[in-house]
Amino acid sequence: MSPLVAITGTLLAVTAVPYLAFLGLYAWVGPSGSPAEKSEAKPTVSVVLPTYNESQIVETKLEDLLALDYPMEKVELIVVDSSTDDTREIIREYFADLEAPDLTLIEEDERRGLAPALNEAYEAAEREMVVKTDCDSKLPQNVLREAAANLSDPKVDAVTGRNVEVLGGSGVESGYRGVQSHIQQLESHLDSTLIFHGPFSAFENDALLPIDPNSLADDTELALKIRRQGGRVIFDPAVQYKEASHSAFVKRRKQKDRRAMGLIRLLVQHRDALGEYGKYGKLVLPFNWWFMIVSPWLLTLTLVVGTVAAIASLGTAGAALPVAVGLFTFLGQRDALGPAQALYSLFDTQVSLLRASVELLRGKGDGTWEVDTELREAFE
Ligand SMILES: Nc1nc2c(ncn2[C@@H]2O[C@H](COP(=O)(O)OP(=O)(O)OP(=O)(O)O)[C@@H](O)[C@H]2O)c(=O)[nH]1
Ligand SMILES: [Mg+2]
């Protein structure tokens, strides 16, 4: 065997080992559902809704919130709006004749970014359970009850949920979410999960703390900090939401690369948590470091060395490897890979993580971005 082929095989094996170990752990723990002792509870609720130029969909979002199966007199809605369009006028008009829920509308004169806006909203939130939800998400009627049932466990300080339907029908995104849901269940049963999702996350008000104004991973940062102060932060697949996504390779990059940047930066900022905080620092964080920071580079290296090895030993026929990767991408973004679609979803995520690392190394990644108006069409 040529040394290049041996190196390729070794690289691939090294990349795979932590994943295989995690799979083994999954089989051993057999996680299912929420790890919390859930019981029915009806705390008072502050729903935090950040908005930036959402006039296209904000009314639908308000209708969705009012349709939740929860006593609305226990709910306050805190909107923090940084729009230049008429989002806030639409909200004010919508609430003009409503008795409940109470509305607090924080009007920013200029856009400073999502994280500072959220810090302000969390500061204003006075109720027991604080829910953060993005404007571009749909919530099932039972979502507040399910979240409250998790938080009724005294050990649990925060809960996030599962994207049950990808609006717009992106197979790439739903493939990824399926895998992610299993990972997050295992993490939650071991200790706590890392990623918190913008469309729906709920926190004990007492546990809230400020986030970095430049954060691009605000929900996850809040959860991580809550775990660091001793709370448990979990994922429950019964807490559900719907969000829209693209499948097309280029369109996906905008949202996915930015989210990846936020997560990588957060992990690096909190590198001192590795090895600390029980299984969270000993298993959950190292696994996420591997998936988000190490393996995208290892996979790239494997592909490059593998291509050189193939061309060196097979001549032009060795170019079949990069051609196969190209074909895999071409079919994957068209949701046309059948049973291999979930594998493509992971590949797509690794692409974003690699691009995000490069952008971060180049000093990119400020806290504002253009909202994706095409994705919002799924909510109209
Ligand atoms: N107040 C405030 N809200 C913001 C700001 N930027 C985004 N938002 C809101 O934060 C939520 C999440 O923003 P999104 O643009 O949906 O972020 P995303 O889901 O990662 O990306 P896309 O859906 O692809 O645009 C939405 O409700 C936005 O309206 C901001 O600077 N200030
Ligand atoms: Mg969004």
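Because the model is predicted, local features need pLDDT of at least 70 and side-chain atom pairs count only at pLDDT 80 or more, whereas totals for chains, interfaces and linings use all residues. Residues are numbered from 1 along each chain as its sequence is written, chains are lettered from A and ligands numbered from 1 in the order in which they are written, and side-chain values use heavy atoms, with hydrogens and water left out.

Helices (DSSP runs of H or I, at least four residues) and strands (runs of E, at least two) are numbered from the N terminus. Two packed helices are described by the angle between their axes and the distance between the axes. Axes are lines fitted to C-alpha atoms, for helices over the stretch in contact, and angles run from 0 to 180 degrees between N-to-C directions.

Helix H6 (residues 171-190) packs with helix H9 (residues 278-314) at an angle of about 160°, and the two axes are 9 Å apart. H6 and H9 are therefore roughly antiparallel to each other; angles under 35 degrees count as roughly parallel, over 145 as roughly antiparallel, 65 to 115 as roughly perpendicular and the rest as oblique. The crossing of H6 and H9 is right-handed, a crossing being right-handed if the near helix is turned clockwise from the far one by less than a right angle, and left-handed if anticlockwise. On the H6 side, Tyr-176, Ile-183, Glu-187 and Leu-190 meet Lys-279, Leu-283, Val-284, Phe-287, Asn-288 and Phe-291 of H9, where contact means heavy atoms within 4.5 Å. The contact of H6 with H9 comprises 7 nonpolar, 1 polar and 2 charged residues. In this classification Ala, Val, Leu, Ile, Met, Phe, Trp, Tyr, Cys and Pro count as nonpolar, Asp, Glu, Lys and Arg as charged, and the others, Gly among them, as polar.

H9 also packs with helix H10 (residues 320-332); the axes of H9 and H10 come within 8 Å and cross at roughly 135°. H9 and H10 are therefore oblique to each other. Leu-303, Gly-306 and Thr-307 of H9 meet Leu-321, Pro-322 and Val-325 of H10. The residues in the contact of H9 with H10 are 4 nonpolar and 2 polar, with no charged residues.

Helix H2 (residues 58-66) and helix H3 (residues 87-95) have axes that come within 10 Å and cross at roughly 35°. The crossing of H2 and H3 is right-handed. H2 contributes Val-58, Glu-59, Leu-62, Glu-63 and Leu-66 to the contact, and H3 contributes Thr-87, Ile-90, Ile-91, Tyr-94 and Phe-95. By class, the contact of H2 with H3 holds 7 nonpolar, 1 polar and 2 charged residues.

The unreviewed UniProt entry places the feature "transmembrane region" at residues 6-29, 287-305 and 311-331; such annotations may be inferred rather than shown by experiment. In the model, residues 6-29 are 100% helix and 0% strand, with the end C-alpha atoms 34 Å apart. Residues 287-305 are likewise 100% helix and 0% strand, with the end C-alpha atoms 25 Å apart.

Helix H7 (residues 218-228) is largely enclosed by the rest of the structure, because 9 of its 11 residues are buried. Buried means under 20% relative accessible area, exposed over 50%, and partly exposed in between (1.4 Å probe, protein chains only). The buried residues of H7 include Asp-218, Asp-219, Glu-221 and Arg-227. After H7 comes Gly-230, with a positive phi near 105°.

Several loop residues were also examined. Pro-199, in the loop between H6 and strand S6 (201-204), is buried at 4% relative accessibility. Beyond its neighbours within four places in sequence, Pro-199 contacts Lys-132, Thr-133, Asp-134, Ser-137, Leu-139, Tyr-241 and Glu-243. Gly-169, in the loop between strand S5 (156-167) and H6, is exposed, with a relative accessible area of 52%. Gly-169 and Ala-378 are 209 residues apart in sequence and 9.7 Å apart in space, C-alpha to C-alpha.

The peptide bond from Ala-100 to Pro-101 is cis, with omega near 0°, and Pro-101 lies in the loop between H3 and strand S3 (102-107). Asn-53 has a positive phi, near 50°, and is partly exposed at 22% relative accessibility. Tyr-277, in the loop between helix H8 (249-269) and H9, has a positive phi near 55° and is partly exposed, with a relative accessible area of 26%.
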